[in-house]
Amino acid sequence: MKLSHFFSIVILLIVSISCSKETSTTPEPTNPIGYVQYGTPFANMPATDDVVMYEVNLRAFSANGNLQGVTSRLDEIKALGVNVIWLMPIHPVGILNGINSPYCVKDYKGVGTEYGTLEDVRTLTTEAHNRGMAVILDWVANHTSWDNPWIQNTDWYTKNNAGNIVHPPGTNWTDVADLNFDNSDMRLAMIDAMQYWILEANIDGFRCDYADGVPFSFWNQAINKLKLTPNRSLLFLAEGNRSDHFFAGFNLNFGWNYYSKLKNVWNGESANNLHGTHLSDYTNVAANKHILRFTTNHDESAWDATPMTLFNEKKGALAASVATIFMGGVPLFYSGQEVGRQNTLPFFSNSAIDWNTNPDMLIDYKKMMSAYTNSNAARKGMLTNLSTNDAICFKKTSNNEELLVIINVRNYSVTHSLPTILQNTNWINTQTNSPITLENSVTLNNYEYLILKN
């Protein structure tokens, strides 16, 4: 071998090894699965601080209970200041051992005929994007229906000592079969199905059902992989409260603690205790991550009660929403909340919402949300707690902007004594757009609230 050839080979080997190392440490975003990108990826995903989310119960949202019914009301959703829509599961529902739960998924890549077609999903995402709203899907990773084709791969599921597939341990969810996350092939199939919706339907992320029942290692694997999808800013919401969800890549955790404390306050507990729960919730929350806050969602409105019952009719429900939206976190609306749905709202069956009820309540929600979405202090300001036993009171400050919120949490008139820093100060009432001067105290009627800006 000539010396020049020897050196040429050595140089080629060095370059090859160098390129190999670079490729292994900084993988290029690719689409090895071969799905086709439908439409244009959404370019306006809000920062987590700015998210306002709306959960859609497909079976209740319209008379036909389908995706078209959602598309037809996108302007009404947008009018609440919403920028992220969460669709409850859109997949075919399992029949074997089934109870018609949408969380009993028969086909991860399918659309249930009751809801429509893939084209209907695409139309919905396109129209939502045109209005500046992202769309995320409810993703059920913990289990499948018993008649899901995956069940043929028995090693993909958890088995008992007798070798039989089991329902999720510690639950009474006998309509579903528990998945085995020790199986790498199952994991890859799950990630593949999630990738399908991002590319084929232009979906912008996922609300992950029963996230606490799925291991950290899978969420970390899946989210890291999905985030490699080109030209995407994806949102991930965990229905869970494990702090490691944030380290796995989730943007948001569920706020059950705040919801429970809010109910306790409305039932007589000191209003001042709500602030302590807020602080506790955020103890292990990383920067740019948040807790999802709500006065209801599909589980609460189905199995507990609606805000109209829990918080004592319209005034109480509105006041509870003010506390939930403005103290901190990311606000969530649930189908029918904005018009004061009175009766429980099922999701195992169809029960259409009457959108013509309580138009006055809808107006108040729109005013409330206008104040929220137009205020940096409301969404990102530093919180100062000034609450007492019967009134939630806090100030939020961002640069030179201040927002003051005072809420009577009782079903009777309350006089709230103001601290020195608030006495003889001038504000604008955001709900009436009129000036107000605070003196030594403020008297509020039952469940009355003030949202004031400087």
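The secondary structure of the chain comprises 15 helices and 18 strands. Helices (H or I, at least four residues) and strands (E, at least two) are DSSP runs, numbered from the N terminus. The radius of gyration is 25 Å, close to the 22 Å that the globule rule gives for 454 residues, so the chain is as compact as a globular protein of that length. This radius is taken over C-alpha atoms, and the rule is 2.2 Å times the number of residues to the power 0.38. The model is predicted: local features need pLDDT of at least 70, side-chain atom pairs count only at pLDDT 80 or more, and totals for chains, interfaces and linings use all residues. Residues are numbered from 1 along each chain as its sequence is written, and side-chain values use heavy atoms, with hydrogens and water left out.

Along the principal axes, the C-alpha atoms fill a box of roughly 95 × 60 × 45 Å. The chain exposes about 19,000 Å², of which carbon and sulfur atoms supply 50%. Accessible areas come from the Shrake-Rupley method with a 1.4 Å probe; for residues, only the protein chains shown count as cover. Of the 454 residues, 54% count as buried. Buried means under 20% relative accessible area, exposed over 50%, and partly exposed in between. Among contacts (heavy atoms within 4.5 Å) between residues at least 6 apart in sequence, 70% join residues at least 24 apart.

In soluble globular proteins, nonpolar side chains tend to be buried together. Here the largest nonpolar core holds 127 residues, and Met 53, Trp 266 and Phe 326 touch the most other members. Helix H6 (residues 184-200) gives the most to this core, with 10 residues. A nonpolar core is a set of buried Ala, Val, Leu, Ile, Met, Phe, Trp, Tyr and Cys residues joined through side-chain atoms within 4.5 Å. Leaving aside neighbours within four places in sequence, Trp 266 contacts Phe 311, Gly 316, Ala 319, Ala 320, Ile 392, Ile 407, Val 409 and Tyr 447. A second, separate core has 12 residues, including Ile 406, Leu 418, Leu 422 and Leu 438.

Helix H13 (residues 313-327) reaches 21 Å from its first C-alpha to its last, close to the 21 Å expected at 1.5 Å a residue. The expected span is 1.5 Å times one less than the number of residues. In H13, 12 of the 15 residues are buried, so the helix is largely enclosed by the rest of the structure. Among the buried residues are Gly 316, Ala 319, Ala 320 and Phe 326. Asn 312 lies in the loop between helix H12 (307-310) and H13. Its phi is positive, near 75°, and at 33% relative accessibility Asn 312 counts as partly exposed. H13 is followed by Gly 329, whose phi is also positive, near 95°.

Strands S11 (residues 382-385) and S12 (residues 391-398) run antiparallel and are joined by four bridges. Two strands pair if DSSP finds at least two bridges between them. S11 and S12 form a hairpin with five residues between them. Leu 383 stands opposite Lys 396 in S12.

Several loop residues complete the description. Asn 231, between helix H7 (216-226) and strand S7 (235-238), has a positive phi near 60°. Asn 231 is exposed, with a relative accessible area of 66%. Ile 95 lies between strand S2 (84-87) and helix H5 (118-130). At 67% relative accessibility, Ile 95 counts as exposed. Ile 95 and Asp 147 are 52 residues apart in sequence and 7.0 Å apart in space, C-alpha to C-alpha.

How values were computed: Buried means under 20% relative accessible area, exposed over 50%, partly exposed in between (1.4 Å probe, protein chains only).
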